[in-house]
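The structure is shown first.

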Amino acid sequence: MNYVGITNSTPVKRYLLLVFSVFWAAGACMANIDDALTFALEAADPYVKEGFTVREDYWGGDLPVKSTKAVVHQLFKGNEYWFWMGTDQKTAKISVHIYDSEGRLAEVETWQKAHMAAARIVPKKTGSYYLIVEVEKSPQERTYWSLAYGFR
Amino acid sequence: MRKLVPITLALLGASALAETPPATIDVSKLPAQARMIDEVVVPVPSEIFGVLDKMGKPRWEEVLRSGKMSMKPMGGAEQTALILGTVIAEGFIAVEAESAEEVKRIGRGVLALSEAIGVKKAVQRRSQSIVEAADAKDWNRVRRELDGAMVDVRDAMTELRSEELSQLVSLGGWLRGTEALTEVVGKSYSKDAAELLHQPVLLKFFDRRISAMAAKRQTSLVQKVKQGLSDIRPLMGHADGDEISEKTVREIGALAGELIKAIGAKGE
């Protein structure tokens with residue numbers, strides 16, 4: 001892209017370039033989250049064969065290294081859940097953990113692989129649970145992630 | 001639960017979750033780096049109905065109302081969005097009842113309602129898939145397509161800058177799902193089944209979203225629904241594990257039923 005053109009452009013051209021840049025950045029961001037989702041769904045694939053229904057809805061965003069995000073989610077006693085996290089960064093290390101409403105670690109199983117991490121829970125109560133996602137290591141300043149879930 | 005809001009995670013420091021996660025976290029303090037994500041994924045009705053199926057054999061055909069419910073656009077876009085949500089939820093009930101004809105009728109209803117709020121194109125493929133899967137009696141696929149229809153409607157509405165309407169679709173679906181749940185639980189009460197009604201996250205989420213809606217979306221029907229949610233909220237139990245009595249299940253069902261009736265009524 002020729003940035004010199006920006007300084008010589010008219011206000012209309014500058015506006016159009018700005019709009020284009022914003023849409024390009026937004027598009028690139030969505031593409032990265034979509035890539036992250038692809039890995040989350042790849043992680044889910046073996047569990048679909050075990051009878052898990054994967055939701056079409058998901059969470060996503062980007063995170064700096066060593067920082068966390070919390071997602072509050074409704075879970076139902078009587079179901080079993082897997083949460084699958086994906087990232088587009090192969091060398092990144094990500095994690096997802098599940099806590100109950102009292103802040104107690106509630107997952108029964110977790111794993112981490114390249115591009116992916118997952119946690120399983122069999123809720124003891126129906127109610128609110130906290131999903132904590134983290135980028136533990138990454139070569140990028142900010143790392144895109146996506147979180148999907150399934151139940152049976 | 002109230003002390004948990006705003007939800008905080010004090011012990012999630014820089015390395016707290018590395019390798020071995022802490023056994024407990026303090027959910028009453030929030031460092032900036034562990035901020036909450038505001039988006040809540042609303043459970044699909046089948047996520048709850050599946051638990052009831054494990055507990056016994058509910059007579060879903062007795063819960064099915066699609067023959068009586070309105071599947072036509074009515075009132076403004078807000079009312080049509082709420083109706084669309086109730087119709088999609090009805091689809092999940094029809095799947096539980098394994099009624100191919102009702103599922104197909106609902107698939108067509110979803111299409112008509114989507115057209116009225118400008119998102120027909122987005123759900124056309126889903127609607128067709130719902131009908132095909134119902135013909136094949138592939139119930140798991142119907143469930144997936146109904147879930148996908150919700151997401152497609154939301155994405156299309158986001159493109160049209162109508163996120164508020166998509167929230168009303170979710171809300172309509174949640175209300176009909178809740179009404180159906182109370183009906184099944186009420187017919188064969190058990191503490192475990194009633195506990196499925198304890199959904200504080202969702203009530204708070206819907207309340208927040210309605211409160212944040214633009215004035216033009218705050219129709220009398222939307223206000224009525226908001227009031228209904230406030231009435232339902234204390235009945236659903238304060239803490240996880242709180243017992244919800246048979247009487248309370250009936251009360252929740254009556255409130256949800258009144259709202260469903262209002263959503264489907266002309267002149268709202």
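## Basis of the assignment

Helices, of at least four residues, and strands, of at least two, are DSSP runs numbered from the N terminus. The model described here is predicted.

## Fold of chain A

Two helices and nine strands make up the secondary structure of chain A. Their order along the sequence is α-α-β-β-β-β-β-β-β-β-β.

Chain A has 152 residues, of which 48% count as buried. Of the contacts in chain A between residues at least 6 apart in sequence, 75% join residues at least 24 apart.

## Setting of A:Pro123

A:Pro123 lies in the loop of chain A between strand E7 (116-121) and strand E8 (127-137). Leaving aside residues up to four places away in sequence, A:Pro123 touches A:Leu75, A:Phe76, A:Lys77 and A:Tyr129. A:Tyr58 is 65 residues from A:Pro123 in sequence, and the C-alpha to C-alpha separation is 20 Å.

Is A:Pro123 buried or partly exposed? A residue counts as buried if 20 or more other C-beta atoms lie within 10 Å of its own. A:Pro123 has 19 such atoms within 10 Å and is therefore partly exposed.

## Contact between chains A and B

Chain A gives 34 residues to the contact and chain B gives 44. On the side of chain B that touches chain A, the elements giving two or more residues are strand E1 (36-37) and helices H1 (45-55), H6 (139-159), H8 (191-195) and H9 (200-211) of chain B. H1(B) gives the most to this side, with five residues.

By class, the side of chain B that touches chain A comprises 26 nonpolar, eight polar and ten charged residues.

Definitions and conventions. Residues are numbered from 1 along each chain as its sequence is written. Chains are lettered from A and ligands numbered from 1 in the order in which they are written. This is a predicted model: local features need pLDDT of at least 70, side-chain atom pairs count only at pLDDT 80 or more; totals for chains, interfaces and linings use all residues. A residue is buried if 20 or more other C-beta atoms lie within 10 Å of its own, exposed if 12 or fewer, and partly exposed in between; C-beta atoms are placed from the backbone. Two residues are in contact if their C-beta atoms, placed from the backbone, lie within 7 Å. Ala, Val, Leu, Ile, Met, Phe, Trp, Tyr, Cys and Pro count as nonpolar, Asp, Glu, Lys and Arg as charged, and the others, Gly among them, as polar.
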